[in-house]
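Here's a walk through one model, written for someone who likes to know the cut-offs. Have the viewer open and follow along.

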Amino acid sequence: MYVFADGPKDDASSEDLKIIRETRNVVNKKLWCKEVILKNLEHNMNLTNNIIDGITSAIRKHGKAIILEDDILTSPYVR
């Protein structure tokens with residue numbers, strides 16, 4: 001599993017920076033699957049560039065990918 005964590009925006013508040021750190025800690029604390037690779041960016045690339053860069057690098061390495069965004073709920077059942 002790859003997690004591509006964009007960096008904070010230039011005008012990020014101290015609260016924003018705290019939430020970013022906490023989120024990255026959640027990813028690092030649990031072995032979600034066989035291997036978790038967290039790509040932390042120090043500077044904000046913006047959503048579009050981060051997604052394109054992340055997907056491109058994963059597909060170049062593995063030839064295919066399953067893409068899930070952070071607000072997607074997965075389930076074995078169709079609603």
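Let's start at Lys30, which is found in the loop between α1 and β2. Helices (H or I, at least four residues) and strands (E, at least two) are DSSP runs here, numbered from the N terminus. Lys30 counts as partly exposed because its relative accessibility is 47%; buried means under 20% relative accessible area, exposed over 50%, and partly exposed in between (1.4 Å probe, protein chains only). Lys30 and Asp71 are 41 residues apart in sequence, and their C-alpha atoms are 19 Å apart in space.

A word on ground rules: this is a predicted model, where local features need pLDDT of at least 70 and side-chain atom pairs count only at pLDDT 80 or more, while totals for chains, interfaces and linings use all residues. Residues are numbered from 1 along each chain as its sequence is written, and side-chain values use heavy atoms, with hydrogens and water left out.

Stepping back, the protein has 2 helices and 2 strands, and from the N terminus on the elements run β-α-β-α. Along the principal axes, the C-alpha atoms fill a box of roughly 40 × 25 × 25 Å. Of the 79 residues in the protein, buried ones make up 11%.

| Residue | Relative accessibility |
|---|---|
| Lys18 | 36% |
| Ile19 | 40% |
| Glu22 | 41% |
| Trp32 | 41% |
| Asn46 | 36% |

How many salt bridges does a search of the whole structure find? It finds 1, counting a side-chain nitrogen of Lys or Arg within 4 Å of a carboxyl oxygen of Asp or Glu. Lys18 pairs with Glu22 in that salt bridge, with the closest N and O atoms 3.7 Å apart. Both residues sit in helix α1 (residues 14–29), 4 residues apart, or about one turn of the helix.

Ile19 is also placed in helix α1. Ile19 and Phe4 are 15 residues apart in sequence and 16 Å apart in space, C-alpha to C-alpha.

Trp32 lies in the loop between α1 and β2. Together with Met1 and Val26, Trp32 makes a nonpolar surface patch of about 300 Å². Patches take residues with over 30% relative accessible area and no salt bridge, joining like charges within 9 Å and nonpolar side chains (Val, Leu, Ile, Met, Phe, Trp, Tyr) within 5 Å. The areas come from the Shrake-Rupley method with a 1.4 Å probe, and for residues only the protein chains shown count as cover.

Next, the backbone: Asn46 has a positive phi of about 85° although it is not a glycine. Asn46 sits in the loop between β2 and α2.

The largest pocket holds about 1,700 Å³. Of the 41 residues that line the largest pocket, the closest to its centre are Tyr2, Val3, Phe4, Leu68 and Asp70. The elements giving two or more residues to that lining are β1 (2–5), α1, β2 (37–40) and α2 (47–62), and α2 gives the most, with 8 residues. A pocket, on a 1 Å grid over the protein atoms alone, is an open set of points where a 1.4 Å probe fits, with protein on both sides within 12 Å along at least five of seven lines; lining residues have an atom within 4 Å of a point. Grid points are joined across faces, edges and corners, and the volume is the space filled by probe spheres set on the points.

By type, the lining residues divide into 24 nonpolar, 8 polar and 9 charged. Here Ala, Val, Leu, Ile, Met, Phe, Trp, Tyr, Cys and Pro count as nonpolar, Asp, Glu, Lys and Arg as charged, and the others, Gly among them, as polar.
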